[in-house]
Amino acid sequence: MKSRDEALALDAADPLAPLREQFSIPPGLIYLDGNSLGVMPRAAPARAQQVVAQEWGTGLIGSWNSAGWMELAPRIGDKIARLIGAGPGECVATDSTSVNLFKVLNAALAIARADAPAGTRTRIVSERSNFPTDLYIAEATAAERGLELVLADSPEEIRALLDERCAVLMLTHVNYSTGRIHDMAALTRAAHEAGALTLWDLAHSAGAVPLQLSDCGADFAIGCGYKYLNGGPGAPAFVWVAPRHAERFWQPLAGWMGHAAPFEFTPGYRPAPGIRRYLCGTPPVLSLAVLECGVDSVLAAEPLGGMAALRAKSLALTRAFADLVESRCAGHGLTRVSPRDDAQRGSQVCFAHPTHGYAMVQALIARGVVGDFRAPQILRFGFTPLYLRYADVWDAVEHMRQMLQGEEWRQTRFNQRAAVT
């Protein structure tokens, strides 16, 4: 892509272009932060109003039955399953990624250690660059169980840690700070050959990268509802468990919604069959209803080629952006950290600057180009092909070029840290 006219021509020929109309995007804004918080679907306000004014306001408690509130979590889970290569009845939308990680990590550890000789399988293996909440949950779980959390310092070191001591390999499929994709099939196979189980965090994959959990033989997975699934801030997450594992363990948060018959009100816990035992407390109906609008916005791509078509456009957008930044913004200390190989890159592009990355991102935001910053030095840009255009890519890079040449990032206001970066 060598000119804005070429970008406009690509947009005119884009079969996915009509999907942008599903979203409410502020005029003049180039939003490159869908990997942190997706854009609001136009259907979301009306759906939220329907739940508040009609289902709650008029139906009141009867809406648990008449409006189907009790079935929201598994119904949305089945929709998400279509995006992650899983089958119906294998996924539920519930709780947060951190809570779901705690559930499945404990389940995976119990299963892996039950199948191993005593005194073996004492390690959780991950990588140091994994998203911090995953490491915090794993660290606390390891300490409570008397186990060890072992971290690889590079993707290449992971395989060396897969031995008889490893119980669970816990990885985020697309690295949040580099955009690098792990080879899920190969690493799952390697973990199984070592006698370990796998736990995949799909926060930066679901809705952006084609996934085949069942075909890969994965064991457990969790993911986020408010990034590429466009479910709104704090949207419920999801949890998937391979059917062969689903009924082998009581997940540790054995709440009443995970009971086989919640309204029997018996004192003893009897887990629900299958994935429903991974539910816990009362579902957040308002948040789930809005999340469904976001999931539906991704599923709207199915008649146009589905995840394969979204992936192809995502790669074209990220490739164009990265190449244009390198060619048009050279000489300002930016270093590309996202993989150049399409097969190894998720739906984001990251650059590093040794000292002024935060201020540069803030200066771009002031120009209407929204990305984000991840400490210590990453300028991060997410590309959601549902609503981003090729012209957005060209214009974003032009704004970056002007910002860097004018050294706008030096302004005091762009160097004052906010609570959220």
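Okay, let's start with helix α7, residues 184-193: its buried residues are M184, A186, L187, T188, A190 and A191. Buried here means under 20% relative accessible area, with a 1.4 Å probe and protein chains only. Helices are DSSP runs of H or I, at least four residues, and strands are runs of E, at least two, numbered from the N terminus.

Quick caveat: this is a predicted model, local features need pLDDT of at least 70, side-chain atom pairs count only at pLDDT 80 or more, and totals for chains, interfaces and linings use all residues. Numbering runs from 1 along each chain as its sequence is written, and side-chain values use heavy atoms, with hydrogens and water left out.

So what do the buried residues of α7 pack against? They sit against β5 (166-172), β6 (197-201) and α8 (213-216), with contact meaning heavy atoms within 4.5 Å. After α7 comes G195, with a positive phi near 85°.

Next, helices α5 (97-114) and α6 (132-145). They pack at about 40°, axes 10 Å apart; axes are lines fitted to C-alpha atoms over the stretch in contact, and angles run from 0 to 180 degrees between N-to-C directions. That makes α5 oblique to α6, oblique being whatever is left after under 35 degrees (roughly parallel), over 145 (roughly antiparallel) and 65 to 115 (roughly perpendicular). On the α5 side, the contact includes L101, F102 and L105; α6 brings I137, A138 and R145, among others.

Last, the cores, meaning buried Ala, Val, Leu, Ile, Met, Phe, Trp, Tyr and Cys residues joined through side-chain atoms within 4.5 Å. In the largest, of 93 residues, I84, L202 and F321 touch the most other members. Helix α11 (306-328) gives the most to this core, 10 residues.

Definitions and conventions
Buried < 20%, exposed > 50% of the residue type's maximum accessible area, 1.4 Å probe, protein only.
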